[in-house]
Amino acid sequence: MSAALLHLVRHGEVHNPEGILYGRLPGYHLSGLGLKMAQSAAESMDGRTIERVFASPLQRAQESAEPWAEKFDLEIITDERLIEPTNRFEGGRFEFGPQVLLKPKSWPWVVNPWLPSWGEPYQSVIKRMMAAIEAAWHSADGGEVVMVSHQMPIVMVQRHVAGLKPFHDPRKRRCSLSSITTLTYDGTRFVQVGYTEPAAALLAESIDQGAV
């Protein structure tokens, strides 16, 4: 047997008052609002048969997985493959866009945005995420699986299953805080069958900075 549905859940708002690109840096936990977002995501699946909860090893993902584990009486299974990608801009204040051209030190890092040259290659992210998804899919017995990850890895999966090229504008991602991207397997491949924003009412209050 395998799962019926698989839900990719992004973590909630992170406590990041300095606006740092936190990437894989330790110590970045959910804010109070982020905890509410994570709870909203889990509550949105009330009555569903969730059989497994997987999460990235980073603190914000583990904390976002806790409401799911508590609600469905499950243990959190940590999967390193769900982690945020590496990024050379990690630890500083940075937003993707034309302003990067004003920093000559960064030019070698952005020489190939299609790869991208500033961090883990898109194809590497896709490969590890799809491997994690396939393993999680076969770990369930007809129920549903939750995997808590990060914006860029989830967007890579969205684009991959839709047959789109991985290169994209990070400012135009459809993957809000605590959003849920739902996949199923159609017999030949994984396809996206849903996207919801359970924490939509909280997004106006949130600050979505620091994602790779």
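So, start with Val9, which stands opposite Ile180 in E5. Those two belong to a pair of strands: E1, residues 5-10, runs antiparallel to E5, with 4 bridges.

Before I go on, two bits of housekeeping. This is a predicted model, so local features need pLDDT of at least 70 and side-chain atom pairs count only at pLDDT 80 or more, while totals for chains, interfaces and linings use all residues. Residues are numbered from 1 along each chain as its sequence is written, and side-chain values use heavy atoms, with hydrogens and water left out.

Back to E5. E5 and E6 make a hairpin with 4 residues between them, and Gly187 in the turn has a positive phi of about 105 degrees.

How many of the 6 residues of E5 are buried? It's 5, so the strand is largely enclosed by the rest of the structure. By buried I mean under 20% relative accessible area; exposed is over 50%, and partly exposed is in between (1.4 Å probe, protein chains only).

Now zoom out. The open sheet has 6 strands in the order E3-E2-E4-E1-E5-E6, and the pairing is mixed. E3 and E6 are the edge strands, each pairing on one side only. On average, neighbouring strands are turned by 25 degrees against each other, direction ignored. Helix H2 packs on this sheet, touching E1, E2, E3, E4 and E5, and its direction makes about 170 degrees with that of E2. For those angles, axes are lines fitted to C-alpha atoms, for helices over the stretch in contact, and angles run from 0 to 180 degrees between N-to-C directions. Contact means heavy atoms within 4.5 Å.

Most residues other than glycine have a negative phi, and most peptide bonds are trans. Asp73, in the loop between H2 and E3, has a positive phi, near 55 degrees. Ser178 sits in the loop between helix H4 and E5, and its phi is positive too, about 60 degrees. Which one is buried and which is exposed? Asp73 is exposed, at 71% relative accessible area, whereas Ser178 is buried, at 1%. There's also a cis peptide bond, from Leu115 to Pro116, with omega near 0 degrees. You'll find Pro116 in the loop between E3 and helix H3.

Last stop: Ser206, in the segment after helix H5. Ser206 counts as buried, with 16% relative accessibility. Its side chain reaches the backbone oxygen of Leu203 at 2.7 Å. Leaving aside neighbours within four places in sequence, Ser206 is in contact with Glu13, Leu33, Met37 and Leu177.

Okay, that's my tour.

Key
Two strands pair if DSSP finds at least two bridges between them. A polar contact is a pair of N or O atoms within 3.5 Å; within protein, one must be able to donate a hydrogen and the other to accept it, and residues adjacent in sequence count only if both atoms are side-chain atoms.
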